[in-house]
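I wanted to see what sits where.

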Amino acid sequence: MMDGIALRRALIEKEYGFLNEQQRQAVFQIEGPLLVLAGAGSGKTSVLTNRIAYMLRYGDAYHAKADPCFSGEQIRHLEACLETGLDQQARAWLAESPVSPHELLAITFTNKAAREMRERLERLAGEEASGVWVSTFHSACCRILRRDIEKIGYSRSFTIYDDEDQLGVIKECLKTLNLSDKDFAPREIRARISGAKTLVQSPEELMQVAGDFRTRKIAELYAAYEERLRKMNALDFDDLLLKTLQLFADHPPVLEHYARRFRYILVDEYQDTNRMQYLFVHLLARRSQNLCVVGDDDQSIYGWRGADISNILDFEKDYKGCQTIKLEQNYRSTNGILSAANAVIGNNLSRKKKELWSAKGEGEKAKYTRLSDEMEEAGYICGEILTLRGQGLPFGEMAVLYRTNAQSRVLEERLVFSGIPYSVYGGLRFYERKEIKDVVCYLRLCANPADDVALRRVINEPRRGIGEATVESLAAYARQSGETMLGAAMDAEQVEGLAARAKAALSGFGQLMGQLLAHKELLGPAEFTAKLLELTGIRAQYDKDEDESRARFENIGELLGAVAEYEKMAETPTIEGFLEEAALVADVDGLREGTGSVTLMTMHSAKGLEFGAVFVTGMEEGLFPGTRAIFDEEKLEEERRLCYVAITRAKERLFFTNATRRMLYGAPQHNRPSRFLDELPETLVEREDRSAPWPSELRRSRARGEERENKERRELPRAGETPALRKPSQVNMAAGADFGVGDAVRHRRYGQGMVVKLQGDVAHVAFPGLGIKEFDLRFAPMEKA
DNA sequence: ATCTTACCGATTTTT
DNA sequence: TCGGTAAGAT
């Protein structure tokens, strides 16, 4: 007969019998650090949610050393349960000091992941689940900061700036520092500042490590940027984490409070954490050591935005006594697809070895097809899509993946032409639309009168005759009087050097804001927003009989709907609360699932999704892997991981395509097939070359017997006409040197190459590792080497 | 102040 | 090729 401990274990194992051995191990291991290396499609979310549900219900019952001391009657009942399954009674007896919901913190990267986890958890654990903090890094930090940010010198009503707002601030800073946005592209500055913040580097620290003039200037910009943000009581997305770290560092009792509270912490997608996120988790978990991280180093594809893969690779070093569990059984794909994925990723050196397998059969072979150009590629894909549809696969189960968004256009054209329903993922999100952002900025200005960025945006929206010059005078006045711009606008009469008309316009705006602020006190968020639309004239502005106006106002209607929805849901609804939701939960109109259309998206955004059939397009050197990755081993490995992610999205069917010749950014490219294709074993892929010896548009026009127009298209050399007989003036006018086939050349961007073909003004130049590119010699920044 | 035309530059993206 | 932005016209 079993003892109490063994019986308890047996029962709990039975209760979680739907999980595999490794998954169960991960669920039951709740004390101490735990690293779960979850391969693609290995049931990671299931482990995460079941682990939480297990903790809430059973505590540490599986590993508990204390004898449960069951009575004879209990034992009889429980043993019966071993056969029949557990009932409520049995479950209650098994529990061993269950974890309380408020001791749990589960962190994800995206709102979508948080929502999914919360939903699944509620299904598993019911009511109790609502007490668990399931949130993104950013919203967890936001919550912490709303409580205590005053301790580090911000007001609790701080505003969150998105990247567009950031650019505005950076442009302002460039002016103050007298720097040109030509030399310091605002987007680059933003990336550099974000990079520094991600490394938890202050402006001073950046200045200290700055080796060159440029970086020193960037450090100055960073300092100015920080100062501006602080004045405006605003935080950017990085600040949500950074300021939380600062709060923890400067006020240990605050950290103490959360570290004590969150005895159990789970982090999803750990391979994507950056330094700030690592530290945040580390600080909270240092005391309890009950930290469970789940991730897959092979799916780390966000290194370029600060994700530090060594966080997951070094977890075992950081957390002594850590348990590591690998989930290698895949529940998504056929073995053929998994072997392809394993083969590709096996070429990476810095990784934890994993080998995916599945209980599904071998499945259909993957198919690689080489086409002539991107139009042919798109056409081929449409053909295959229709075939698959004919075989009964719904459109909604198919995805076309590409490396860059620019590739989607041609695909879309062909899909429309073929009458295939599709939806493109990516592009402008709801809260980034102009009309929405305008309204949101009015709301923001009402919530935080110091939000000068919002003011600049709305002060002349709709048009009320306040131009750039007026705004700059206002800003100057505000700067020297130490007021906010709104404050300055409210006593516009004081502002010097302004025409009477400008002053009048400014005070008009000031009065408008005064009215709005008064109404804000009296009305609920939804009513207030409606009022705002009237008073500002936004409603009137869009009240025109044009399609665009109507569409934009419809969006505003949706925004009103979102405010009303928020008002219904929130305990104490406020404009501030709504704005926080809008800033952090930007996916009101995310990808509509189950719409029965083919999905077009980048390989990056496909992470976490799955489809019956997947097309991985543009498999070309220079595109995938991209030019920048080819000479950089680390970047190349990240591209390879991206390839792995793309492949593992497929459940049943997998297609690779590429084109001999591709128009990219208006310039024709000739790329060799991607090296990732070479890494796929011959036995796993069926290869077909459908590329034509001539460019397809040429073939088409020939077939139609058309005359080729000379303007854009180049003439092919005709028989009897050699390049040497061409008028010299047409050859290399600007280049100043005569090029011939076989010449070594140096291109400003691509470096050393060799001319392989000359057609009039067009030279075909081969670059090692990059393939052949075509240049118009009259303009190409290229010289003889 | 606002509208129109010439340029430049260009992975990947969430919060 | 496309879109966003900067200088020029009205």
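How many residues of β1 are buried? First, some ground rules. I worked from a predicted model, where local features need pLDDT of at least 70, side-chain atom pairs count only at pLDDT 80 or more, and totals for chains, interfaces and linings use all residues. Residues are numbered from 1 along each chain as its sequence is written, chains are lettered from A and ligands numbered from 1 in written order, and side-chain values use heavy atoms, without hydrogens and water.

**Entry on β1.** Five of the five residues are buried, so β1 is largely enclosed by the rest of the structure. Buried means under 20% relative accessible area, with a 1.4 Å probe and protein chains only. Strands here are DSSP runs (E, at least two residues), and helices are runs of H or I with at least four, numbered from the N terminus. I checked the directions: Leu34, Val36 and Ala38 point one way, Leu35 and Leu37 the other. In a regular strand the side chains alternate between the two faces of the sheet.

**Entry on its partners.** Strands pair if DSSP finds at least two bridges between them. β1 runs parallel to β8, with five bridges. Leucine 34 has glutamine 323 as its bridge partner in β8. β1 also pairs with β7 (residues 291-295), again parallel, over four bridges. There, leucine 35 is partnered by valine 293.

**Entry on α2.** I listed the buried residues of this helix (residues 21-28): Gln23, Arg24, Ala26, Val27 and Phe28. They pack against α1, β1, α3 and β8, with contact meaning heavy atoms within 4.5 Å.

Terms used: Buried means under 20% relative accessible area, exposed over 50%, partly exposed in between (1.4 Å probe, protein chains only).
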